[in-house]
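Open the model in your viewer and keep the sequence panel beside it. The stops below tell you what to select and what is there.

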Amino acid sequence: MAIKASNVPAALTRGPLITLDGPAGSGKSSTAQEVARRLGFRHLDSGALYRALTFALLEEGVAEHTWGALEPFELDPLGLRVEAEDAAVNIYRNGVLLTSELRGPGVTERVAMVAGVPAVREWLLEVQRSLGAEGNLVADGRDMGTVVFPKADLKVFLIAGLEERARRRLIQDFAREPTMEDIKEMAERIEQRDQADQTRDHSPLKRPEDAVDLDTTAITFDDQVSFILRRIKDLTRLQGEI
Ligand code: C5P
């Protein structure tokens, strides 16, 4: 029997929450964005939040060797504001919308270090949970299904071969087929970031126990989106809602 939002326990009356976790370059954000678009849900790219903090620390000139000892209250003056606006979650610094600056090499090189700082994770936890309070959200990252939204309705763990992830990242950045040498270099950088994300003490990247696995190495983007949409539609609790 389909369960409607009106006859489920109060704790479940929020809209659906879907999480996608996985290593760098596994296609989480683009997939999450398309799944959210198809469902009319909001998309949270949690990596962008860690990138925004990294960008702000660099812009503010906070010395890198002090980052590990920061307290959460010391992040307040960095001028960041996170706003849920229609289907998107936008991040502003001193009133200016952050976009391509979050993807620059300086930020990408340091973001895994910032993501290992306890104050950073604490500061962002509430921000992320409040964005998911009403559900109707597809959130992607490293700890969405394990720490931030442990009660999500569907948790997907995306993986893809290292070289394929490197190739996709390069095509995304340079819009052309990369050389083997470029792929090798990018694969090394991705591997280092994965290693840092998997081995940190606080909220490391790991597969949620109740996740559905999706290996995207050899399937098309459309197939991976369809796979997730099918799984969502299979969820009894959501049958009356989507
Ligand atoms: O997804 P993206 O590659 O933009 O994430 C950048 C970095 O942010 C990751 O390498 C990871 O260090 C950090 N991150 C995290 N937890 C999340 C999302 C991202 O630690 N939920």
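Select strand β4 (residues 88–93) together with β5: the two pair in the antiparallel sense over 2 bridges. Strands here are DSSP runs of E of at least two residues, and helices are runs of H or I of at least four, numbered from the N terminus. Two strands pair if DSSP finds at least two bridges between them. Now pick Tyr92; its bridge partner in β5 is Leu97.

The 3 strands form an open sheet in the order β3-β4-β5, with antiparallel pairing. β3 (80–85) and β5 (96–97) are the edge strands, each pairing on one side only. Strands of a sheet pair through backbone hydrogen bonds, either parallel or antiparallel.

This is a predicted model, in which local features need pLDDT of at least 70 and side-chain atom pairs count only at pLDDT 80 or more, while totals for chains, interfaces and linings use all residues. Residues are numbered from 1 along each chain as its sequence is written, and side-chain values use heavy atoms, with hydrogens and water left out.

Zoom in on Arg51: a polar atom of its side chain lies 2.7 Å from a ligand oxygen atom. At Arg142, a polar backbone atom is 3.0 Å from a nitrogen atom of the ligand. The protein buries 98% of the 460 Å² that the ligand exposes when taken alone (Shrake-Rupley method, 1.4 Å probe).

Finally, color by pLDDT, the predictor's confidence in each residue, from 0 to 100. The protein averages 92, and 92% of the residues score at least 70.

Technical notes
Polar contact = N/O pair within 3.5 Å; in protein donor to acceptor, adjacent residues only side chain to side chain.
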